[in-house]
Protein chains: 2
Amino acid sequence: SVNPDLASERQTASFSVEGLTTVLDGGAEHTRVRRAVVEVIERDPVFSRENQYFQTQNERYEAAVRKAVHLQKKMHEMGWREDGPEFIYIYRAVAGDVAFLLHRVFMRSISVLGSDEQVAKWIPPATKHQLIGSYAQTELGHGTYLQGLETTAVFDTTTQEFILNTPKISAMKWWPGDMGRSATHTVVFAQLYVHGKCYGVHPFIVQIRSLRDHSLCPGITAGDIGPKMNFEHIDNGYLMLQNVRIPRENMLNKFCEVEPDGTYIRRGSQKINYFTMTTVRVSLLSDEVILPLMKACTIAIRYSAVRRQSKLNPGEEEAKILDYQTQQEKLLPQLAAAYAFHFVNNYLHKLFDRGYKEIQERNFNSLPELHASSSGFKAMLSQYCTAGVEICLRACGGHGYSLLSGLPSLYTKILASCIYEGENTILLLQTARFLVKCFAAASAGQPVPQSVTYLAAVKPGKCPAKNKLDFLNPDIYVEAYQHTAIRLSSSTAAKLQDLIQSGVKKHEAWNQCTVQLVQAAKAHCHYITVKNFVETVEKLENKAGIQKIMKHLCDLFALHGIFSNAGLFLHDGYISGAQMDMITASYLDLLGVIRKDAVPLVDAFDFTDKSLNSALGSYDGNVYQRLYEWAQKSPTNQQISPAYEKYLRPLLHNKLSKL
Amino acid sequence: SVNPDLASERQTASFSVEGLTTVLDGGAEHTRVRRAVVEVIERDPVFSRENQYFQTQNERYEAAVRKAVHLQKKMHEMGWREDGPEFIYIYRAVAGDVAFLLHRVFMRSISVLGSDEQVAKWIPPATKHQLIGSYAQTELGHGTYLQGLETTAVFDTTTQEFILNTPKISAMKWWPGDMGRSATHTVVFAQLYVHGKCYGVHPFIVQIRSLRDHSLCPGITAGDIGPKMNFEHIDNGYLMLQNVRIPRENMLNKFCEVEPDGTYIRRGSQKINYFTMTTVRVSLLSDEVILPLMKACTIAIRYSAVRRQSKLNPGEEEAKILDYQTQQEKLLPQLAAAYAFHFVNNYLHKLFDRGYKEIQERNFNSLPELHASSSGFKAMLSQYCTAGVEICLRACGGHGYSLLSGLPSLYTKILASCIYEGENTILLLQTARFLVKCFAAASAGQPVPQSVTYLAAVKPGKCPAKNKLDFLNPDIYVEAYQHTAIRLSSSTAAKLQDLIQSGVKKHEAWNQCTVQLVQAAKAHCHYITVKNFVETVEKLENKAGIQKIMKHLCDLFALHGIFSNAGLFLHDGYISGAQMDMITASYLDLLGVIRKDAVPLVDAFDFTDKSLNSALGSYDGNVYQRLYEWAQKSPTNQQISPAYEKYLRPLLHNKLSKL
């Protein structure tokens, strides 16, 4: 039975929860398919995550391999195809704890970078899992700077082979998933040398383990890189190559090839590769960045409606902690952000679908915008959502700190998204470089991509708002975000220009502006997110109840952003101190308004109890009972610790102690 | 041999590293004692943390119990006494991984709350570890709000016993350390009932496990609460009591007693208890909050001087990542904060020593100030240092995410300090309540404690700085911090007053101001920290080199605080936008200045490699070699996973697969 404190929260919803779920899913049919997939996965005991918090790294790995293998069978059994409607929900339903994700990257890289012959040779056995692939790019000494990779591939014309080597310890491949213990093959990125000349980094297919008995192939040293903050289920690995010979045909050669005599040929456009990396960044946002924040909000908000602590007014019963303003101020902006990011993710996907169509027609014009968008939003969203999950964790006090709350593992996992697929600071500087260029172009009256046309609209001025209600007008706050984004791009571009004109070398000048360039990139992404949220709300006109609550969330997201970054808005007087007080007042008012619908707003995310895997966040709110039941399953309660016989008993019965 | 990139950093130190270490330790004699303790502990293999990152929760617990027992022997052997000069360094040297810390709290609570008879009965066997104590205060349903505890202790006049019960699941004791598997006794906090009347929460000594065979005593249910984000080595436990009878003498009765006929007597002052809790908050700051940040800075800064990635200028070799402005902007403010907090911790200890002397003379006047200070600084420092450790972790990219970097465990452990010993938001509101009261008193011309006399100095105005160099004048920035702290306290006090005068109930009005009250409390602590740093630097006048670099760090800490909280300073125009640009320029300049001494500045913290336990942070900078060596020791590399035989081989040899 549902905890009455939680049940009462649901009786007063100002909107249809099911209707909002449908909006989030993008239509009732998607909701139906998603639920069907989730039901099938969760009914199958192999996919259970019940013991996840109690398992060792070895046990997690074993379970993940088991799930990956079982998933193949399941998909076959259910008729779920990789191009079918169910596919996008499978990973969400399995909740990440599955091996062989790099196998997919291995296949994708062959599909994209391989010739027709290579695709024909490798993809069918890979599809049938007759081999398991990985993707060996990152080295101990190089992550973000791919040009600096140190692994070598020297072409030997006499044998028509490439000889791969790890010339020094920093050149060791390090981090590739599925490589430490599972993979039989991998795509190795190495510096290509022919006749003593280096042609830069190229991809090579290398077998690393025997298909017969899984032993390491000659010249291969490989293993697991050990414990990490999360991803215990993945065998991130290391790989050293000593004179490993592979045939000439194993260099992925759609875009460049070494001919038998050693002639190096480059053909076609490399730009499409670039696009592949870009799309990965966008495709991970939903499952790896936004969903974890939605889950954390669900757990923390449900718990905060059940947890009662201290009294708001003397003589009353203890208050739900969600009724304290400070608790609302922690959680509700995260909830608003989860919605904002869900919608901006839709925007990004539309941007990419359009770009992809153009690219298929050999029009590469949108690549810079797509690259800048994928970089900036990946960085902004991962950083924001990571901070948000941490806030949710802390907001649950001691119980949030227990693994059984589900929050620590959400946090330690999402944290990685700030680092992988491009470290966030580097990515924001990519976006900033695009902004500085577009600002210069826009200032010179040249055309710029659609998402940055606003940069041409430089106009000093003041925010026209007169009272706190004016700040609930989207025109007012969108204009404020736009103004600030322009100011940061333009002032940093000006500083850069000044430095260069004063004689500082171009690269050094860039370095001296990077702290501010990062600010500019964030402000740009923040502006686009707010603007997109406003536009999304406008389109909900035929769903009055949902539109109203979404408008509140949009306002909250926008005003929280101004409140938390007040300096950026006050700096040039666009917002005055008095207006900042109005913003603060409206912002705090909104917390009280949204608090009433907080539980229905997280219910609409439609996570099952199993997918949350949280003793605090279940739909029924029976948190204390569940914490107790789950704790009893811990291995720490399954046996008398040897510590008693070895150390405690001698101590307690100690006759020698003279302390 | 030391990595040449790290060696070169040390050749150019602008100050004496040993001299600075001595300053940090508070004198050469302290440095000598500390190093002697560290050497003894680290030479002893029982205290080794070599395998820490590979151990399960059960193994960590066993090792911690072993260490605790061994430590008793070691102290005896070395002649280290609890009141000796070595004692404060032992915990630091063991690096936290030791059991029975709650045994000390158990003993302290008996010493403070027990009668002379109780002390005489319990302290000698506890000192000899003939029993192991815990401290059972927190329940599943109640943490911060002690008045709400639900465990009951009913006095039975017929048997002269208290009958303890856990009336419902939320009343179960939950979290007490050393209780899940080790403790034989515990102090239980319960609501005292005599003749049906409740007298509030009181402490009772309860035996929970047999001294003979460690089995649970009748009526006791106890166990481990399961996995947590850290503290795997501690058996945080749960405890249920069913009609557990204890003699009347087991209620700790220095301050209140139940007489045989049930008469309840309260005597003496309870204030001193209050003071004990307050001192715990201050005493944990050094080991649990500031040292972890110092360690994280040491690891991240040494690594950043060794890690080379990408190029600052085309054609040059790859640059040390510490030479990138964005990396400096992540790490160097954390370094400055570590120094700032070390010095403010000294200030707090002096404040408490003075307060303690007064209290011994029965003068309790300083209690409110001490309580407000311990609350505010515990919250501010734990929050700041937790964020700082996370920044250091992220700044090390993928390798920072490996447990072998040492950073994840520093982070997951320090995060708990934001929650335990008072949740930070609650604590900041305690400080704010003190500030609001003092502001009212100061405004009315009444005397206020020394640390808040500044609140009387309300004066509108503008910052007089004319150029960026003016912001390196401590008078300028201390004044800015003071102005902002006053503004936040006074404006929130005014808002509170307005609400109450407009008819809002007092408690409701308080709740509506809490977001801003928290801001005010933080600003107060930030101001005191900056002011104290300035005063500390002034006192270093006879150490010119050290004074100079400390002045730079002090400037950096202060300007970073303004840069990161720009809105607070710009709000009323005390700092103008143009001045904020000057602050930004000076702040960024300082990064370049301090960067030159960054490695010597962390060397001065004087952590041994063993205490850092980090593959990235060792003194010699051989990071890649160490990562590789340590990874090979991982249990994931010690055996062929059963996953191969069970799942991988059937898959790879699969003839049925028709996918």
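Tutor: Chain A holds 22 helices and 11 strands, where helices (H or I, at least four residues) and strands (E, at least two) are DSSP runs, numbered from the N terminus. Chain A is as compact as a globular protein of its length, because its radius of gyration of 27 Å is close to the 26 Å that the globule rule gives for 659 residues. That radius is taken over C-alpha atoms, and the rule is 2.2 Å times the number of residues to the power 0.38.

Before we go on, here is how to read the names and values. Residues are numbered from 1 along each chain as its sequence is written, while chains are lettered from A and ligands numbered from 1 in the order in which they are written. The model is predicted, so to speak of local features takes a pLDDT of at least 70, side-chain atom pairs count only at pLDDT 80 or more, and totals for chains, interfaces and linings use all residues; side-chain values use heavy atoms, with hydrogens and water left out.

Let us stay with chain A as a whole for a moment. Its C-alpha atoms fill a box of roughly 90 × 85 × 65 Å, taken along the principal axes. Of its 659 residues, 63% are buried; buried means under 20% relative accessible area, exposed over 50%, and partly exposed in between (1.4 Å probe, protein chains only). Chain A exposes about 25,000 Å², with carbon and sulfur atoms supplying 54% of that area. Such areas come from the Shrake-Rupley method with a 1.4 Å probe, and for residues, only the protein chains shown count as cover. Among the contacts in chain A between residues at least 6 apart in sequence, 72% join residues at least 24 apart, contact being heavy atoms within 4.5 Å.

Now for the close look. UniProt, in an unreviewed entry, lists Thr138(A) and Gly177(A) under "binding site". They cluster in space although they are spread over 40 residues of sequence, with a largest C-alpha distance of 10.6 Å. UniProt positions are given in the numbering used here, feature names are shortened, and annotations may be inferred rather than shown by experiment.

Thr138(A) sits in the loop between strand 1 (133–136) and strand 2 (152–156) of chain A. It counts as partly exposed because its relative accessibility is 26%. Leaving aside neighbours within four places in sequence, Thr138(A) is in contact with Gly143(A), Met172(A), Lys173(A), Trp174(A), Trp175(A) and Pro176(A).

Gly177(A) is found in the loop between strand 4 (173–174) and strand 5 (185–194) of chain A. With a relative accessibility of 5%, Gly177(A) counts as buried. Its contacts, again leaving aside neighbours within four places in sequence, are with Leu102(A), Ser134(A), Ile234(A), Asp235(A) and Asn236(A).

From here we can follow the record to another position. The unreviewed UniProt entry places the feature "active site" at Glu421(A). This residue lies in the loop between helix 12 (407–416) and helix 13 (424–443) of chain A. Glu421(A) is partly exposed, at 37% relative accessibility. Not counting residues up to four places away in sequence, Glu421(A) touches Val280(A), Arg281(A), Leu284(A), Lys378(A) and Leu427(A).

The unreviewed entry also lists residues 274–436 of chain A as "domain: Acyl-CoA oxidase C-alpha1". That span is 77% helix and 0% strand, and its end C-alpha atoms lie 21 Å apart.

Arg308(A) and Asp5(A) are 303 residues apart in sequence, yet 9.5 Å apart in space, C-alpha to C-alpha. Not counting residues up to four places away in sequence, the residues that Arg308(A) touches include Asp5(A) of its chain, as well as Gly141(B) and His142(B).

Ser618(A) is in the loop between helix 20 (609–612) and helix 21 (623–632) of chain A. It is buried, with a relative accessible area of 3%. Ser618(A) and Ile299(A) are 319 residues apart in sequence and 7.3 Å apart in space, C-alpha to C-alpha. Residues up to four places away in sequence aside, Ser618(A) touches Leu6(A), Arg302(A), Asp609(A) and Arg626(A).
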